[in-house]
Amino acid sequence: MKRVLIVVLALLLIIAGGLAGNAFRNARMLAEGASYRFSTTVNPAASASATPAGGSSPSASTGAGNSATIDVSYEAVIAHVDKSTVAQVTNQTTGQGWQAHIARSSGSGYTLTAPAMPSFTIKQSANPFGSASLSTSADEIAAKDKSLQAQHPATSAPSAPASPSQGPTAAPSPSSVARTQILSASPLLANGQLDPGVTVRSGDPSAASALECTTSGSILESFDCSPALVTGAEACWLEPSTGAGSVNILCVDAQPRTFIRYKNVAVATGGSASGSEPIWIETDDGSQYRAKADGADNYSPIFLCAAGPCRQSGDNVLWSPTDASPHIDTSQGTWRVLVGTVTSEAPAVKRSEAVTKAWVTSGA
């Protein structure tokens, strides 16, 4: 009898440990900034014959020689907005982004849904030590992602690690990036209305009251505010009027297509329109970086890691004012930056990386 009790107790401990482990893994799945990627090949013109999605790993292109197929990649980044957990989903092929609602699905996973957009599932790996993955079906993508219908077929090749270099102008290493995609950083559509695909969170009211901004008067033009170093308000736009008589502004947040809303801000007119400046960039490995307000000094970060593999590696985009090259080499169709780490005790360790996407304040 005593032996039976010992066995039962051991089984109960194993079950309890498994439940606790699953709870921890599920909580980690929805951690702020958690990033998931999915790639497949679809036929936007014929969703019924689209290639089934085979998993979350990037697939080699089967589009060569088939003018109907498109290699497409998505990334879902978890964000906590106004006490809610959402996913900022981006079609990395077309640049379209949207905010998805997260709900618990059957089994160990979550569903990401948004009106008239493809649904995705984040599912926990059966391996206790494995990572969660993002998935959907090619038919779901072909039927609901309308941005693909105007996209020309493209082939992709597996990316190879960039070789170490001393500057962005060094000979580029083999890369899957054919040309850097230039996208708009603005939260507004061409008609001046708020883009429903962006994510907006509320800013600190005390920070809003301290801001001083000057705009050219055009709602579509970006402007900066001071003190930018405290609030991150170095690139802002006027929010379309709500009729309440107050002036609200939308300023860039950490991740692409995310913004902070500051209410009742003192905004003067008479300033000049800002030039076209990259605010967010994404490199070949999927890392995303945000421009740093105070620039760089002696190979310090000029773009800070916002999401993706750089969160694990600790990499940032580095630059030194003593460099003969600019902080982003735009001399070729594929832009390049120096990515690496630097500490107060050790010199910068850096390498050249291709820029796949750049979100700029104007001209996209």
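Visitor: What makes the disulfide of C236 and C251 right-handed?

Guide: The torsion about its S-S bond is about 105 degrees, so the link between C236 and C251 is right-handed. Keep in mind that this is a predicted model, where local features need pLDDT of at least 70, side-chain atom pairs count only at pLDDT 80 or more, and totals for chains, interfaces and linings use all residues. Residues are numbered from 1 along each chain as its sequence is written, and side-chain values use heavy atoms, with hydrogens and water left out.

Visitor: How do you know whether C236 is buried or exposed?

Guide: Buried means under 20% relative accessible area, exposed over 50%, and partly exposed in between, using a 1.4 Å probe and protein chains only. C236 comes out at 0%, so it is buried. C251 is also at 0%, so it counts as buried too.

Visitor: How many disulfides turn up in the whole structure?

Guide: Three. Number the bonded cysteines of the protein chain in sequence order and the pairing reads 1-2, 3-4, 5-6.

Visitor: What does the disulfide of C213 and C225 tie together?

Guide: The sulfur atoms of C213 and C225 sit 2.0 Å apart. C213 lies in strand β10 (residues 212-215) and C225 in strand β11 (residues 225-226), so the pair ties together parts that are 12 residues apart in sequence. The link of C213 and C225 is right-handed, with 110 degrees about the S-S bond, and both cysteines are buried.

Visitor: Why is C305 called partly exposed?

Guide: C305 has 24% relative accessibility, so it falls in the in-between class. Its disulfide partner is C310, S to S 2.0 Å, and C310 is buried with a relative accessible area of 2%. Their link is right-handed as well, with 75 degrees about the S-S bond.

Visitor: Back to β10: what makes β11 and β15 the edges of its sheet?

Guide: The open sheet has three strands in the order β11-β10-β15, with mixed pairing. β11 and β15 (266-269) each have a single partner strand, so one side of each is left without a neighbour in the sheet.

Visitor: How do you know that β10 and β15 pair?

Guide: Two strands pair if DSSP finds at least two bridges between them. Four bridges join β10 to β15, so they pass. The two run parallel, and E212 has A266 in β15 as its bridge partner.

Visitor: And what makes strands β3 and β4 a pair?

Guide: Five bridges join β3 (residues 84-91) to β4 (residues 97-104), so they clear the cut-off. They run antiparallel, and V86 has H101 in β4 as its bridge partner. The two strands form a hairpin with five residues between them, and G95 in the turn has a positive phi of about 85 degrees. β4 is also joined by four bridges to the antiparallel strand β5 (residues 109-113), where R104 stands opposite Y110.

Note on methods:
Disulfide = S-S within 2.5 Å.
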